Amino acid sequence: MRGDRPGRRPGREELPVTTAERFRNLIIETVLLVGIGYNFLLAILNAQVAAVGPTMAYLAELLVYAACFGLGIWSLDRQKTAIVLTGIGLIVLASLLRFVVVWQVDPKFVRDAIIPFAFLVLGAAYRGPLPALVMRLAIVVAIVAVFEIAAPQSYGDVVNPKSYFVNTRGATEEGFWNEDSNLYISATRPGERNWLPGTDLARASSIFVEPITMGNFIIFFCAAMLAFRHGLSWIRLAFSLVLIVFLLGASDSRLATGTCLMMLLLVPLLRRIDQRLSFVIFFLVLLAGWLLVELARVDHYEDTMIGRIFFTVDSMRHLSPAEWFGLDPASAYRYFDSGIAYFIASQSVVVVLAFLLAYSFLLILRSSDGQAFKNLFMFAFALSLLVSNGYFSVKTAALWWFVCGYLWQQPAFLPTLVPATAPLREDRRLPLGPSRPGTA
C-alpha cells in the first residue's frame with residue numbers, strides 16, 4: 001500500500017484544503033506558539049514599552065486557555081468530550097474537597113491540572129501535517145537562539161529577562177548570579193559549560209526567556225522526530241539532528257542531553273511496549289532514580305543531576321500524610337527541584353494515580369508512531385520529575401499535550417484509517433496529515 005512505504009512524507013497526498021481550513025489551522029498554530037512563547041512577547045513589551053506585572057502575565061495565559069477550549073472542544077466526538085469534561089470536573093471536585101478540608105485553594109495547582117486538557121483539545125482540532133509544524137517551531141526557536149548567542153547584549157536589551165522576572169515573578173536583582181547582565185538568572189551559571197567548555201557563552205533561552213524550558217523543548221523535539229521518523233525524508237531527519245545538536249550546545253542543558261541520548265537508545269523498545277503499560281514506564285524510571293542514589297551512596301544535596309535525584313528520593317521518604325493527600329498546599333513550593341514530590345503535594349497521590357491510569361488506558365494514540373510518542377512522553381516526564389517540576393509549565397506541557405491531542409483525534413479526520421477497535425499492529429504507520437480516500 002502506498003501509504004505504508006517507509007520514507008513517505010506525511011500529508012503528501014492530501015485532500016483539497018479550503019481557505020477556511022487553512023485559516024483555522026493558522027489560528028491554531030498561532031495559539032500554540034503564543035502558548036509557549038507569550039513570556040517572550042510580554043518580556044519585549046516590558047522592556048520596550050511599559051512595565052508588565054503579574055496580572056497581565058496571568059491574563060495572557062488565561063486567554064490562551066480560553067482560545068484552546070474555544071477552538072478545540074467542538075472537534076471532539078461525544079466520547080472524547082465526555083472524557084475531557086469528566087477529567088476537568090474531577091479536578092474541580094478535588095479542589096473543592098481540599099478547600100472544605102483545609103480552607104485553601106491555590107489557583108496555580110488548578111492551572112497545572114487544566115493545561116493538559118486545554119492543549120489536548122487544541123491539538124485535536126488541528127488538521128495540518130504535524131511533523132511540519134513541529135519542524136517550524138524548532139526553526140523559530142533556533143533562529144532566536146542564534147540571535148541570542150551572536151548578540152547576547154542586544155538580546156538582553158530587547159528582551160531583558162531580568163526585568164521581566166523581577167516584575168512578574170517576584171524575583172530580585174540581587175538573586176541573579178551575574179548582576180551586570182540582563183539575561184536570566186541561570187544564563188551565566190557559575191562553573192564550566194558541559195557543551196563548548198572553555199567558552200564564556202551564556203546559555204540560550206530563545207523564545208522561552210529562561211534556559212530550563214529551552215532544554216525541555218529540545219527533549220520534546222527529539223521525541224517527536226524519533227517517533228515520526230518513518231514518515232520523514234532523510235534530509236529532514238538530518239536537518240533535525242543538526243537542529244538538536246545546535247540547540248543542545250546553545251542551551252548547555254544537562255537534562256536534555258542525557259534524556260535525548262537515553263531516548264535514542266530506548267526508542268526501539270518504547271515503540272513496541274503496549275501504550276496501556278505506560279504507567280509501568282513511569283514507576284520504572286522513578287525506581288531507577290532511587291536505585292541510582294542508593295548505588296552511588298549519595299547522602300546530601302548539591303546542584304548536580306545526581307544531587308537533585310537524591311533530593312527527590314529524600315523528599316519522597318519524608319512526605320507527611322497531609323502532603324501525600326494534597327492537604328498541605330504550601331509545602332509543594334519546597335519541591336521545585338523534585339517534580340514528583342511537587343506533583344503529589346500539589347495534587348495528592350490519588351490524583352497522580354488517576355492521571356497515570358487515565359493516560360495509559362483512556363488516551364489511546366493510533367499507529368506505532370503514536371504509541372512511540374506516548375511512551376517517550378511518559379519516559380521524559382518521569383525522568384524530569386526526578387530533578388524538576390518544569391513539565392508543569394505551560395511552555396513545556398503545551399507541546400506534548402498538543403501532539404497527544406492530534407494523535408488521539410486522528411482517526412476522526414482520516415477516513416482511510418482502520419477502525420478504532422483494530423489492534424495496533426494492524427495500524428503501524430498512519431500518515432500524520434489528511435489523506436485522500438483510497439490511497440492508504
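Visitor: What makes H2 close to the expected span for a helix?

Guide: Helices here are DSSP runs of H or I, at least four residues, numbered from the N terminus. The expected span is 1.5 Å times one less than the number of residues. H2 (residues 54-72) has 19 residues and reaches 27 Å from first C-alpha to last, close to the 27 Å expected. Mind you, this is a predicted model: local features need pLDDT of at least 70, side-chain atom pairs count only at pLDDT 80 or more, and totals for chains, interfaces and linings use all residues. Residues are numbered from 1 along each chain as its sequence is written, and side-chain values use heavy atoms, leaving out hydrogens and water.

Visitor: Why is Leu243 called buried?

Guide: Buried means under 20% relative accessible area, exposed over 50%, partly exposed in between (1.4 Å probe, protein chains only). Leu243 has 7% relative accessibility, so Leu243 counts as buried. This residue is found in helix H9 (residues 234-251).

Visitor: Which residues is Leu243 in contact with, leaving aside neighbours within four places in sequence?

Guide: Met135, Ala138, Ile139, Ala142 and Phe221, where contact means heavy atoms within 4.5 Å. Leu243 and Ala138 are 105 residues apart along the chain, yet their C-alpha atoms are separated by 7.5 Å.

Visitor: Back to H2: what puts its buried residues on the same side?

Guide: The buried ones are Ala57, Glu61, Val64, Tyr65, Cys68, Leu71 and Gly72. They cover an arc of only 145° around the axis, so they sit on the same side of H2; the arc is that of the directions from the helix axis to the C-beta atoms. The face turned away carries exposed Thr55, Leu62 and Leu63.

Definitions and conventions: Helix = DSSP H or I, 4+ residues; strand = E, 2+ residues; numbered from the N terminus.
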